[in-house]
Amino acid sequence: MSLPVFVHDDLSSAAAGEIVELSGPEGRHAVTVKRMTAGEELMLIDGSGTHLRATITQTSGKDTLQATVDAVDVAPEPTPRVTIVQAIPKSERAELAVDLATQAGADEIIAWQADRCVAKWDAKKAPKALRRWQDAATAAAKQSRRVRIPNVAGPLTTGELVAKLKKEPDAQVLVLHEEASVSLKNIDLGTQIYVLVGPEGGIGKQELEKLQEVGAEALKLGPEVLRTASAAMVALAGIGMRTARW
């Protein structure tokens, strides 16, 4: 059975044989919620690839433990790198979309205020919504035993997204679209990929044309029309099977 995973603020100087301390919310989760005690093993990650296996030596209070580092490792970045550009779903599906994309290995997630999004993030709502997305990504990374936690950014309008993609001419931009004729299995994949997932109402014709002007390619995953919350996960699975990611 894999070890329980907890996020540590800084593992940059951790070395085998040393003592590390885990406190705060993550320490509380280990000590109070999981009821871990001396002698049990756990995995600590910092979200950027560094991870270590450690054995608890003691706990104190409700939110602090000390552990001896047994081994330290740094996971290489996956190739190709895949960024999910997720059109903002309705509230009940937003965090599910992030959760599933994280489980499937997204390296970054960008919230996209697409033209047909029902949910709208204004300047007041965006910071709180982004925190919820980042929390969902962190929780999913821990649950799926990931050592890298995808960063969540945005929200970007379509115009802002186009401007960003113009600055990355070498990136491959794939727009999931139900009317596309090209399938994921029939294209060559690059080393840096953006996968754009539209909203429940789909991507409008003019919006798609703006994206195609900067090199985006409309793509279908299969005969079924997937929900916006699950499309990124399916796309990542397909990319994983076709590349060295898996």
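Which residues lie nearest the centre of the second largest pocket? Of the 13 residues that line this pocket, those nearest its centre are Pro78, Gly105, Asp107, Arg146 and Arg245. The structure is a predicted model, in which local features need pLDDT of at least 70 and side-chain atom pairs count only at pLDDT 80 or more, whereas totals for chains, interfaces and linings use all residues. Residues are numbered from 1 along each chain as its sequence is written, and side-chain values use heavy atoms, with hydrogens and water left out.

A pocket is here an open set of points on a 1 Å grid over the protein atoms alone, where a 1.4 Å probe fits, with protein on both sides within 12 Å along at least five of seven lines; lining residues have an atom within 4 Å of a point. The second largest pocket has a volume of about 260 Å³, a volume being the space filled by probe spheres set on the points, which are joined across faces, edges and corners. Its lining comprises six nonpolar, three polar and four charged residues (Ala, Val, Leu, Ile, Met, Phe, Trp, Tyr, Cys and Pro count as nonpolar, Asp, Glu, Lys and Arg as charged, and the others, Gly among them, as polar). The largest pocket holds about 560 Å³ of space. It is lined by 25 residues, and Leu176, His177, Glu178, Val225 and Leu226 lie nearest its centre. In this lining, ten residues are nonpolar, six polar and nine charged.

Helices (H or I, at least four residues) and strands (E, at least two) are DSSP runs, numbered from the N terminus. Helix α2 (residues 91-103) packs with helix α6 (residues 228-242) at an angle of about 5 degrees, the axes being 8 Å apart. The two helices are therefore roughly parallel (angles under 35 degrees; axes are lines fitted to C-alpha atoms over the stretch in contact, and angles run from 0 to 180 degrees between N-to-C directions). Contact means heavy atoms within 4.5 Å. On the α2 side, Arg93, Leu96, Ala97, Leu100, Ala101 and Gln103 meet Thr228, Ala229, Ser230, Ala232, Met233 and Leu236 of α6. The residues of this contact divide into eight nonpolar, three polar and one charged.

Thr102 is also found in helix α2. Not counting residues up to four places away in sequence, Thr102 touches Ile109, Ala137, Ala140, Ala141, Arg146 and Pro150. Arg146 is also among the residues nearest the centre of the second largest pocket.

Several backbone features were identified. Most residues other than glycine have a negative phi, and most peptide bonds are trans. Arg35, in the loop between α1 (24-33) and β3 (41-45), has a positive phi near 55 degrees and is exposed at 67% relative accessibility. Arg145, in the loop between α3 (126-143) and β8, has a positive phi of about 60 degrees and is partly exposed, at 34%. Cis peptide bonds, with omega about 0 degrees, join Thr79 to Pro80 and Gly154 to Pro155. Pro80 is placed in the loop between β5 (64-74) and β6 (81-87), whereas Pro155 is found in strand β8 (residues 151-157).

Key
Angles under 35 degrees count as roughly parallel, over 145 as roughly antiparallel, 65 to 115 as roughly perpendicular and the rest as oblique. Buried means under 20% relative accessible area, exposed over 50%, partly exposed in between (1.4 Å probe, protein chains only).
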